[in-house]
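I have opened a new page for this one. Here is what I looked up, in the order I looked.

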Amino acid sequence: MSKRRFLSKPDLGPFVLDLIGSGARVIAPVRRLERGRDFIEYRQVRDPNDIVLGGPLPVRPLKEIVFPPTETLFRWRQAKSLIEIEESPTSFEETVIVGATPCDAAALEIVDHVMGWDYKDELWFGRRQATAVLAVACTQCDESCFCTAVGLSPQSTRGADWFLTPSKEGFEIEVLTPKGELLLERHDTRCPEASGSPAARASQVADKVQANLKMQPGKIRSWLERHFEDPLWKDIALRCHGCGACAFSCPACHCFDIMDEPEGMEGGSRRRNWDACQPALFTLHGSGHNPRKDQTARFRQRIMHKFNIYPARFGEVLCSGCGRCIRVCAAGMDLIGILSEIGHRAEEAESAL
Amino acid sequence: MQELRDLARKLFQERKIDALLGYECDRRGVRPAFVKAADECDRLIFDQRCVHNLAAYLSPRRSHVVALGRLAVVIKSCDARAVAGLIRENQLKREDVVLIGVRCGGVVLNPDEPGELESRNTAPRCVGCEQREPALADHIVGEPKTAPAGNQDRDARLSEIESMNLDERLGLWVDLLSRCTRCHACRQVCPMCFCERCVADKTLPAWIESSPHSRGNFAWHLTRALHLAGRCVDCGECERACPAEIPLGLLNRKAARIVSARYGYTVTDDPSKPAPIGTYRLDDGQEFME
């Protein structure tokens, strides 16, 4: 029962200004120049002209809007034996993402599983509730994209409240959720009913992405379940430097650490910060023992969590195929190559039966 | 290329090495290669995309690399400075590693960059580099190369920042470092960041807050820059590895400028030349104590 609307190109700027005028924080892909190269990142925008829709994938994922790299859980103040606790608010300012990529939007829903599983993460869902996601179809890809291999596509509407498909004159809008309906009600005049038949969705991008990787997540999982101790892990992990670039660039990685930080003599704050499974510190026990003693064990964990453990618990892989882990890796760790290799071995194992 | 492969094969056949660290092509460009037998040597390549500083893998804290046994490693002349640093600081014995020097005429910024080396895409650190081959190497391979072209002034931005007032400089770094999420890619790829337990990982007490807020990020990046003063080999790997595209090399090059002005020392590929950070001299300046 999704509604079809239209936003013309000249109306995009005024629409964004309307959003800002209504008190919403608008986050969108913008261009940044560094080291002689320019790239896209999600930033808060005040000038709609800064927005770049349909450009390359932002270098960092959308997750930091919903799950900041560091946030305060509560503050404490102490005077002798009297301790006061000040909880962090769990309601947040209204935020509209204009131009999320389909892989970033979908990843939010993928992570919802774990955030609402054994406890309901108030901070995650508080921000999720306050955030409307207007995703836009991908019109370009590169050799690291593989969303089609994990059941998504450059036109996947998953996780979006509105889905924008670019056309010559502007954007065709699909309104997909009650939150999206509410947003439309407030900006009804800017977005008239779309006329004619639905805009054709380019399939060339999807074809290109498909050529990067074809895999069957079920077969990958079945191989992983049977090959915890496989020489392959040692070979793959050799070049890994053990940093957190892949996890911190991943729209689906969500591990965190909790730290108490004193602020002066009278108080401090308890914070939660992003954490990643590749550095040795992640599993280092207070005793000095480390159950994941080397990079082989740590890299295996990364693959296992995404493609075996998460599907076992929540029914889908912890990956939206954005390929950022591949692009950012200084050592050339290539998830597409690794998944192809595992897929190949899974096929071989199957035919040997 | 054939010369490199033949030499590698010979080293395996003569049982001089158990494994070799070099470069190979992958789906997207070039990546580090770990070759473990004579019949794998045809994977090896060397060209302008071989930007990685493989000396990072020689650190004794890489237990899974140490487990490979006796290593040979392919080095450019800039990488030799890092190998020299590891030897100088007692992390590596010169006789424990076979160094295969490759003649180099400069590299590009990123290993997935297609096309030939031009002044447009040459890594800034290569411009002005006068060493075509590493003096520290046991073997030298490759065609003779000419010095990389290009005339970028890589220190223009450094000078520009030096000319800012304090507020402007602070504003710039607050903005740049706000993007840091503390993935520590800068540290992990750095051949000179070999501490057994990094100060940033210590929790009792936590000298450096692990939170990626301004306080934590400033403490981390400035501490790292100070610890690398006179040790940073200027390989640019921290900048290349940074997923937030923070120009971290600026901090290291500023520190190098100070070390050079104060101690007349520039990082060298001669492991016998002591570095200021590990040296005490009676005539060291002490004006800060007055």
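I started with Arg182(B), which is found in the loop between α5 (166-177) and α6 of chain B; helices are DSSP runs of H or I with at least four residues, strands are runs of E with at least two, and both are numbered from the N terminus. Phi of Arg182(B) is near 65 degrees, a positive value in a residue other than glycine. Arg182(B) is buried at a relative accessible area of 7% (buried is under 20%, exposed over 50%, partly exposed in between, with a 1.4 Å probe and protein chains only).

A note on ground rules: this is a predicted model, where local features need pLDDT of at least 70 and side-chain atom pairs count only at pLDDT 80 or more, while totals for chains, interfaces and linings use all residues. Residues are numbered from 1 along each chain as its sequence is written, chains are lettered from A and ligands numbered from 1 in the order in which they are written, and side-chain values use heavy atoms, leaving out hydrogens and water.

Next I turned to Arg15(B), with a positive phi of about 55 degrees although it is not a glycine. I found Arg15(B) in the loop between α1 (2-13) and β1 (19-25) of chain B. Arg15(B) is exposed, at 75% relative accessible area.

I also noted a cis peptide bond between Leu204(B) and Pro205(B), with omega about -5 degrees. Pro205(B) sits in the loop between α6 (185-189) and α7 (214-227) of chain B.

**Cysteines**

How many disulfides does the structure hold over all chains? I found zero, taking a disulfide as a pair of cysteine sulfur atoms within 2.5 Å. Cys240(A) is in no disulfide, and its nearest cysteine sulfur, in Cys246(A), is 6.5 Å away. Cys240(A) is buried, at 8%. For Cys186(B), the closest cysteine sulfur is that of Cys183(B), and the 6.5 Å between them is too far for a bond. Cys186(B) is buried too, with a relative accessible area of 6%.

**Where the chains meet**

I then went to the interface, where 47 residues of chain B are in contact with 46 residues of chain A (contact means heavy atoms within 4.5 Å). Arg27(B), His64(B) and Glu245(B) supply 18% of the area that chain B buries against chain A, more than any other three residues; buried area is the accessible area (1.4 Å probe) that two parts lose on being put together, summed over both.

I looked up salt bridges last, and the rule finds seven across this interface (a side-chain nitrogen of Lys or Arg within 4 Å of a carboxyl oxygen of Asp or Glu). Glu24(B) and Arg239(A) meet in a salt bridge through their side chains, at 3.0 Å from N to O.
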